[in-house]
Amino acid sequence: MTDRSWSFDQIRTEFTGCETLGEVVRKLEFLAAATGEVVCEIRVNDKMLADDIDDVESQAGVSDIKTISMKSERPESLITQALESATGFIGVLTDASLQTAELFKDGDIGPGNERFREVVEGCQWFVETLNHARGAASGLGKPVDAAERWHAAERMLFKAVQEITETFDRRDVIAVADILEFELTAALEMWQPILLHEVKRRSI
């Protein structure tokens, strides 16, 4: 991770020609790209800037900027970090699935429903993270290895998530508990060797 910052005086010196915050952001993106990196975070006056600044923000004058800082990283490192995060999350999601199954089997429907929503949201994050990582890897010309195993794991997880959500909608919490305990955990377990292999080969 590369950290860079500019003081009030440095902004006036190094961002000459920029009249708005939007123009400053574009120059920062250019500076990062020139070193083969992408922008991860921008702070203006110690406040983090949203990924998609609106028109009002982008038209703010440079004179309003007292300090600015940027964090950037090489895309390859971001992909590896995403895969490592997903790998570590498998255990968390598996434990949450088993705990939710136990709540439903014990008749604790209220807490079970709340935990169930967390499990589904966790699955969504897991899938989105892997999709972004795989897409970014392909975009760099370094696609994931063992694509057939990857796609098989995707199909298995999708089937499990679809089945638990449809069964939950039918209010059959006992059946949901069984799917959580066996099918979802098995689908998550299938990802463990795939992601560990991918992280290892990208770290060499």
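A: Start with a definition: buried means under 20% relative accessible area, exposed means over 50%, and partly exposed lies in between (1.4 Å probe, protein chains only). Glu198 is buried, with a relative accessible area of 1%.

Q: What kind of model is this, and how are residues numbered?
A: This is a predicted model, where local features need pLDDT of at least 70, side-chain atom pairs count only at pLDDT 80 or more, and totals for chains, interfaces and linings use all residues. Residues are numbered from 1 along each chain as its sequence is written, and side-chain values use heavy atoms, leaving out hydrogens and water.

Q: Which residue forms a salt bridge with Glu198?
A: A salt bridge puts a side-chain nitrogen of Lys or Arg within 4 Å of a carboxyl oxygen of Asp or Glu. Here Arg201 pairs with Glu198, with the closest N and O atoms 2.6 Å apart. The two are three residues apart in helix α7 (residues 173-203), so about one helical turn separates them. Helices are DSSP runs (H or I, at least four residues), numbered from the N terminus. Arg201 is partly exposed, at 34%.

Q: How many salt bridges does the structure hold?
A: It holds 10. Another one joins Arg115 and Glu118, with closest N and O atoms 2.6 Å apart. Both residues lie in helix α5, three residues apart, about one turn of the helix. Arg115 is partly exposed at 24%, and Glu118 is partly exposed at 37%.

Q: Which residues are linked in a network of salt bridges?
A: Arg74, Glu76 and Lys142 are. Within it, the side chains of Glu76 and Arg74 meet at 3.9 Å, N to O. Glu76 is partly exposed at 28%. Arg74 counts as partly exposed at 38%.

Q: How do the axes of α5 and α6 cross?
A: Two packed helices are described by the angle between their axes and the distance between the axes. Axes are lines fitted to C-alpha atoms, for helices over the stretch in contact, and angles run from 0 to 180 degrees between N-to-C directions. Helix α5 (residues 109-139) and helix α6 (residues 147-169) have axes that come within 12 Å and cross at roughly 155 degrees. The pair is therefore roughly antiparallel, a term for angles over 145 degrees.

Q: Which residues of α5 and α6 meet?
A: Contact means heavy atoms within 4.5 Å. Among those in α5 are Phe116, Val120 and Phe126, and the α6 side includes Trp150, Leu157 and Phe168.

Technical notes:
Parallel < 35°, antiparallel > 145°, perpendicular 65-115°, else oblique.
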